[in-house]
Amino acid sequence: FALAALPAPAEVPWPSLGGIPTALVTGSNGKTTTVRLIAACARAHGWITGYTCTDGVWIDDESVESGDYSGPAGARRVVRDRRVAAAVLETARGGILRRGIAVPTANVAGVTKISSDHFGEYGIHDHDSLADAKLSVAGVLPADGLLVLNADDALLRAKPTTLPARLGHASRLGWFALDADLPLLREHRAAGGATCGVRGGHLRLEAGASSDDLGEVASLPLAVGGSARYNVANLAAAALAAHALGIAPQTIRRVYAGFGARPEDNPGRLMRYRRDGVEILVDYAHNPAALRGLLAVSRGLVAPGGRLAMLLGHAGNRRDADFASVARVAAEFRPERVVVKETESHLRGRPPGEVPRILRHALLEAGVPAETIVVRDSELSAASDALAWARPGDVLVLLVHSPAARAALLERIG
C-alpha cells in the first residue's frame with residue numbers, strides 16, 4: 001500500500017494477498033535486456049508479468065509508466081498491481097544506495113557484470129565496492145532462493161565466499177559463462193548446481209541430472225549470429241533465473257528462438273534497421289564495456305567498402321575520466337565519422353556544450369582524426385547528421401539515451 005493510503009487492518013483483503021514469483025536483476029551492463037528476457041519467458045509460461053527497467057514499467061505488453069524505474073518506485077508499482085502474477089525487477093545501484101531494495105524477498109537475484117560506471121557517486125569509488133553494493137540483492141533471497149552470477153567476471157567469482165559473513169547465510173548459486181565447460185561451471189555441476197553456457201555452439205542449461213539445449217547460438221536473433229557475445233551472456237543469465245522461477249526449459253527455448261527478431265522486443269537495445277542499404281543500430285550503451293561490445297558487433301556488420309559512423313555523448317554527472325574512457329573505446333574501432341552529441345536531457349549539472357567539448361578533446365587525444373569528428377547540439381540533430389552522411393554498405397551506431405529522442409528517431413527511420 002502507498003504510505004498515504006494505508007487502510008485500517010480490518011479493511012485489508014488478507015486472503016487475496018500473498019507472494020508471487022519474483023526476480024531481481026542488477027549489474028553494470030545487460031540488466032534491462034536480461035529483465036526483458038525473463039519477463040518474456042514468464043509471459044510465455046502463462047503468468048501476467050510486471051517488469052521494471054530504465055525505460056519504465058510494463059504489465060505484460062502494456063506500458064504503465066515511462067522513465068527510469070529501475071529503483072524502488074518501479075518495484076512498488078509492479079507489486080501493488082493486483083493483476084501481476086510474476087515480477088521481474090531491474091534493481092540499479094543508485095536505488096539500492098539511496099533507498100534500499102523495495103521487496104522483502106525474491107526467488108532469484110542475478111548480477112550480470114561489474115564494470116566501471118557511476119564511480120564517485122554515493123560513496124562508490126572502485127569495482128570492489130560497486131560489486132558489494134550490487135550484491136545486496138542476495139540479502140532478500142530465502143534459503144531456497146538462487147543467486148545467479150557471471151563466472152566470466154573475476155570479481156564476481158571471488159565474492160560468494162564473503163557473503164555468508166555479510167548476510168548471515170550462504171546463497172544457493174547458479175553460474176553462467178560463455179563457455180559451459182569453464183572449470184568453475186564443471187565443478188559446480190558436479191556438486192549438483194545449476195549452470196548455463198555455450199557448448200558446441202549451443203546454449204545449454206544444466207541443473208542436476210538435466211541438460212537442456214536452448215538453441216544454436218548463431219540462430220538466436222539476440223546473439224546476431226553469435227557476434228553479440230554480451231547478449232549471449234544475457235541469454236544465459238536469464239535462462240538460469242527463469243528456470244529458478246519454475247519455467248520449463250522448452251518454454252525458454254521457444255522464447256529465445258524469436259526474442260530480438262523485432263526491434264520492439266528490446267527497445268533501445270541493439271535495435272536493428274536496414275534502410276537504403278545502410279545498417280542502423282539504435283542502442284543505449286553508455287560505459288566502456290557496453291560500448292566495446294556494441295562496436296565489435298557493429299564493425300563486423302560493415303559491408304566491403306562500407307564505413308562505420310557513431311554518435312557519442314554522455315551524462316553530465318560522470319567524471320571527465322569517464323568521458324576519456326568511452327572516447328578511447330570509440331577510437332579502437334576506427335570509425336570514419338563520430339558525431340559528438342549534446343545529451344540535452346542528461347546535462348546533470350554541466351553547462352550546455354561542456355560534455356561535447358571534453359569528449360571531442362578526448363577523441364583527438366585518442367587518435368581520432370579531427371576531420372572525422374563533428375559536434376551537434378542535440379541527440380536528434382546528431383542522428384540526422386549520421387543519417388545524411390551514410391551511403392549503402394555503411395553501419396550507423398546511433399547511441400540515443402533520451403526516450404523522447406529515441407521515439408522521434410524511430411518514427412523517422414521506422
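Reader: Why is Asp81 called buried?

Author: This is a predicted model, so the value is computed from its atoms. Asp81 has a relative accessibility of 11%. Buried means under 20%. Asp81 therefore counts as buried.

Reader: What makes the contact of Asp81 and Arg83 a salt bridge?

Author: The N to O distance between their side chains is 2.8 Å. The cut-off is within 4 Å, so the pair qualifies. By this rule the count comes to 29 salt bridges.

Reader: Which residues are linked with Asp81 and Arg83 in a network of salt bridges?

Author: Glu62, Glu65 and Arg77 are linked with them in that network.

Reader: Why is Arg83 called partly exposed?

Author: The relative accessible area of Arg83 is 42%. Buried is under 20% and exposed is over 50%, with partly exposed in between. Arg83 therefore counts as partly exposed.

Reader: How do you know that H10 and H11 are roughly parallel?

Author: Helix H10 covers residues 288-301, and helix H11 covers residues 320-332. They pack at an angle of about 15°, with their axes 9 Å apart. Angles under 35 degrees count as roughly parallel, so H10 is roughly parallel to H11. Their crossing is right-handed.

Reader: Why is the pair of Arg307 and Asp394 said to tie together parts of the chain?

Author: Arg307 forms a salt bridge with Asp394, the closest N and O atoms being 2.7 Å apart. Arg307 lies in the loop between H10 and strand E14, and Asp394 lies in the loop between helix H13 and strand E17, so the pair joins parts that are 87 residues apart in sequence. Both Arg307 and Asp394 are buried.

Reader: Why is Leu6 called exposed?

Author: Leu6 has 55% relative accessibility. Exposed means over 50%, so Leu6 counts as exposed. Leu6 is placed in the segment before strand E1.

Terms used. Residues are numbered from 1 along each chain as its sequence is written. This is a predicted model: local features need pLDDT of at least 70, side-chain atom pairs count only at pLDDT 80 or more; totals for chains, interfaces and linings use all residues. Side-chain values use heavy atoms; hydrogens and water are left out. Helices (H or I, at least four residues) and strands (E, at least two) are DSSP runs, numbered from the N terminus. Buried means under 20% relative accessible area, exposed over 50%, partly exposed in between (1.4 Å probe, protein chains only). Axes are lines fitted to C-alpha atoms, for helices over the stretch in contact, and angles run from 0 to 180 degrees between N-to-C directions. Angles under 35 degrees count as roughly parallel, over 145 as roughly antiparallel, 65 to 115 as roughly perpendicular and the rest as oblique. A crossing is left-handed if the near helix is turned anticlockwise from the far one by less than a right angle, and right-handed if clockwise.
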